[in-house]
Amino acid sequence: MLQIAHPSLSFELMVVDEAQSIGDGPRGVILSSVIEEALERNGLMQLLFAGPNLSNPDRLGRPFGFAPSSIRTEEASVTQNIVFVDCDDSRPSYAKLALWAEGQRIPFGQVDCEQPLTDHRNKLVNVAFRLGAGGQNLVYALGPAECEQIAFGLADRETASTSYLQELAAFIKEAVHEKYPLAQNVMRQVGYHYGRQPSLVRKAIEDAFSEGHLQYLVTTSTLLYGVNLPAQNLFLHNPERGSNQPISSNDFWNLAGRAGRMGKEFSGNIFLIDYGDWKSDPINGPKDAEIIPSIEDHVVSRVEELITYINDPERIPDRDKPDELENTFVKLVRDHFDGRLESTLSNLGLDITSESAKKLAQAVAESVVGKDIGRETLLASPTVSVHRQQSLYDRLEVSLTKKGPSYIIPKHPRDSGAYQSYLAAIRRCHSEILKYPSSDKSERYYAQIALRWMKGDPLPQIIDESYNYKIQQGLSPNYPTVIRSTLTEIEKDLRFKYVRLFSCYNAVLELLLRNKGMNELTVSIPALPMYLEVGACSTTMISFMGLGLSRFTAGRLSGLPRQQDMTQSAAKVWLKRQDLDTLELPQASVKEIRRLVS
């Protein structure tokens, strides 16, 4: 948020970067809701949307009742060469090269990659190895596991390490695990980068690549989400965005923009391996994408589906993907409570006199009839429908009547009864919010890992415990797989799904206690959503993280001060007093602290 001061005017400016995300399903609805709430709080708020290759930027303002003016820039900071690399079936290690110019292929030679180009992984590894020599290279992978496989192949070479890379490898082992393959890869100037890695590890890899210490960086679709990692060369083979979702033209050109580094080269190269076998034809599709805000799509194009969804309180969510319409349902209920549902539907382009609009408004109104859940409780967890919140309320009310408040109020992570408390709370959320069957017992595992995470246990310790848990279950795990799965469980499950569930649990529990005349007990409900989000429950560690430090650095620092209940301001003063070179911290942590206090 920027504050603009001028002799004749004063206002705040909200910059919405990667504005195309407003059309990204449930997340797009949340983004729309956040923008709308900011506009409600400040009537003078100005919005600036920024995004790549948008064909209809004026559409972005529709959910908020205005039509923005648009400015388009066409100039590229560097030129980009698109090179087709077509493997030669008659000579397994050879590939033919052609330049794409004015819509035509212009053949200009061939290359011997010295190793057979037999499959997806081998093609990316060997083509990048051969054509990327002497430059810095990005290689696009389809997921974390493939990132590691491709990086392993690229690192299978003799190359000199440096003290910088040795220190980086030591840091990675300490921050993630001594058996995390990334530590060995960086010693050979190869890194990989995906969204589930700890933030400080990602930042360290980004810094190492930007500063020229890494020659190859294998990365996933994080490149599409504003991660600025330009390189001389970009290698692609049948890229996808998500499982079995061929890359779109818009995403392709967004990726292509990472080839070439302004101020270092005049051009960048995008190598398209076996383009004729790709599942899509992105270079011949439109560069610009039409973005329709998700909430508009749900309310206008899918209105009958939305009405059916709202009218089905027993609907069972899909366990493997986000519930498309739930966030929109909550948003419309909020507007109903606020008396502005009609204006919302009108802004989104739905004719309020139509039968569909009347049926939708009726469904929303009837969804809250007889419910205990009110506006404030609903908005405390805006991704859980009123039906599911009421189901949890009813479940907690029965437990409160039978066993009293101590049975349903979660314990603090430091409490000896925390595990059993979380086991019960997660089971209730699984049953009433996610609608898991009674045969599901996953709450046992997630109660354990959530407790360790909230207590601030180091990530290597959590990974070891996950490995041992799988051994106890009779499985035969290996460390790279366990590390990836644990990182996923932390980033995707604990810091997203269970933050969402415990936010709802706490809000509904607080409402129940107030309704039963037990207001004084609400202060005893621990802030589990925050503890899960940051991975800590100690005041000092949370204060360090509140300043912007990573969990790893905050964890290393938290045991050093005499005062263990420091506020953020006290923590910042303490940091400024320290000689960081005497604290035995990894350079990644030292750099992070210096960026903060300088």
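**Salt bridges across the chain**

Glutamate 40 is partly exposed, at a relative accessible area of 38%; here buried means under 20% relative accessible area, exposed over 50%, and partly exposed in between (1.4 Å probe, protein chains only). The model is predicted: local features need pLDDT of at least 70, side-chain atom pairs count only at pLDDT 80 or more, and totals for chains, interfaces and linings use all residues. Residues are numbered from 1 along each chain as its sequence is written, and side-chain values use heavy atoms, with hydrogens and water left out.

Now look at the partner of glutamate 40: its side chain meets that of arginine 334 in a salt bridge (2.8 Å, N to O), a term for a side-chain nitrogen of Lys or Arg within 4 Å of a carboxyl oxygen of Asp or Glu. Glutamate 40 sits in helix 1 (residues 25-41) and arginine 334 in helix 10 (residues 326-337), so the pair ties together parts 294 residues apart in sequence. Helices (H or I, at least four residues) and strands (E, at least two) are DSSP runs, numbered from the N terminus. Arginine 334 is buried, with a relative accessible area of 7%. Both residues belong to a network of salt bridges that also includes Glu36, Lys331 and Asp335.

Another bridge joins glutamate 174 and arginine 556 (2.1 Å, N to O). This pair links helix 4 (residues 163-175) with helix 21 (residues 551-558), 382 residues apart.

Stepping back, the whole structure holds 41 salt bridges, and the protein has 23 helices and 11 strands.
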